[in-house]
Amino acid sequence: MALKSDELPTLVAQEGPLQGQRWMIKDNAVIGRGMECDIVIPDRQVSRFHARFSNTPEGTLLEDLASKNGTHRNGAQVVEPVLLQDGDVIQIALAQSFLYVSSDATLPLESVVTHTGSLEVEGLRLKLDVRSHRLWVLGEEMDPPLSVAQFHLLELLYDRQGKVVSRDELVEYVWSEDEAVGVSEQALDALIRRLRDRLAALDPNHNYIVTIRGHGLRLDNPPID
């Protein structure tokens with residue numbers, strides 16, 4: 001029996017030129033630089049036919065097509081075909097990463113999973129789906145999606161809803177350990193400002209990110225009136 005569209009495995013492009021785009025895997029999907037591919041990554045690091053996703057009775061199979069710069073799943077190079085698990089991160093060369101979601105129906109739009117995996121209460125003004133990197137404000141999906149840094153900043157605040165998160169914690173969460181050492185106050189302030197602007201574009205009447213002077217930031221995410 002054919003799967004419904006919301007039951008199909010989905011690839012969500014993360015860091016890279018395709019960031020924010022999504023593809024459902026109906027049967028097979030070939031990724032590469034060539035225009036003949038189902039998913040085209042316009043980067044010279046990517047081989048013309050780089051990798052293939054195939055739906056099988058056991059699940060979604062990922063195989064590298066003898067690419068020059070390799071395919072990785074969760075940091076490990078793909079040498080033999082591997083079955084993907086929900087939440088796997090696939091890296092194509094150094095050009096593009098994807099999040100694999102086993103089914104768009106894994107989570108209904110009304111329920112959202114936080115970083116800790118707990119379900120949020122329905123009816124909040126802002127809802128976040130960490131696995132697919134999707135965000136809704138007052139029921140409207142953010143489009144284009146947030147940048148990776150903006151999403152990670154909001155993700156930590158969302159996970160700690162109502163609690164104050166220190167600026168140091170935010171820097172360590174958004175940037176890697178090595179990068180965090182050189183992140184200035186101005187860089188964090190600029191990121192916060194851009195995130196506030198994106199949220200205000202969908203809901204100009206509410207300030208979601210509240211500054212607690214001398215302590216940090218907290219997310220103010222009340223129920224919809």
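This is a predicted model: local features need pLDDT of at least 70, side-chain atom pairs count only at pLDDT 80 or more; totals for chains, interfaces and linings use all residues.

Entry 1, a strand pairing. I started with Val137 and found Glu140 of E14 standing opposite it. Strand E13, residues 134-137, is joined to E14 by two bridges, and the two run antiparallel.

Entry 2, the sheet around it. I traced an open sheet of three strands in the order E12-E13-E14, paired antiparallel. Its edge strands are E12 (126-129) and E14 (140-141), each of which pairs on one side only.

Which strands does helix H4 lie across? I found H4 (residues 185-202) across E12, E13 and E14, at about 50° to E13. Helix H1, residues 148-159, lies across E12 and E13 and runs at about 110° to E12.

I searched for aromatic pairs and the structure holds one. The ring centres of Trp23 and Phe98 are 5.9 Å apart, and their planes meet at 70°, so I logged the pair as edge-to-face. Trp23 sits in strand E2 (residues 22-24) and Phe98 in strand E11, so the pair ties together parts 75 residues apart in sequence. Both Trp23 and Phe98 are buried.

I placed Ser97 in strand E11, residues 96-101. Is Ser97 buried or exposed? Its relative accessible area is 7%, which is under the 20% cut-off, so I noted Ser97 as buried. Setting aside neighbours within four places in sequence, I listed the contacts of Ser97 as Val12, Ala13, Gln14, Glu15, Val89, Ile90 and Gln91.

Technical notes
Residues are numbered from 1 along each chain as its sequence is written. Side-chain values use heavy atoms; hydrogens and water are left out. Helices (H or I, at least four residues) and strands (E, at least two) are DSSP runs, numbered from the N terminus. Buried means under 20% relative accessible area, exposed over 50%, partly exposed in between (1.4 Å probe, protein chains only). Contact means heavy atoms within 4.5 Å. Two strands pair if DSSP finds at least two bridges between them. Axes are lines fitted to C-alpha atoms, for helices over the stretch in contact, and angles run from 0 to 180 degrees between N-to-C directions. Rings of Phe, Tyr and Trp (its six-membered ring) pair if their centres lie within 6.5 Å; planes under 30 degrees apart count as stacked, over 60 as edge-to-face and the rest as tilted.
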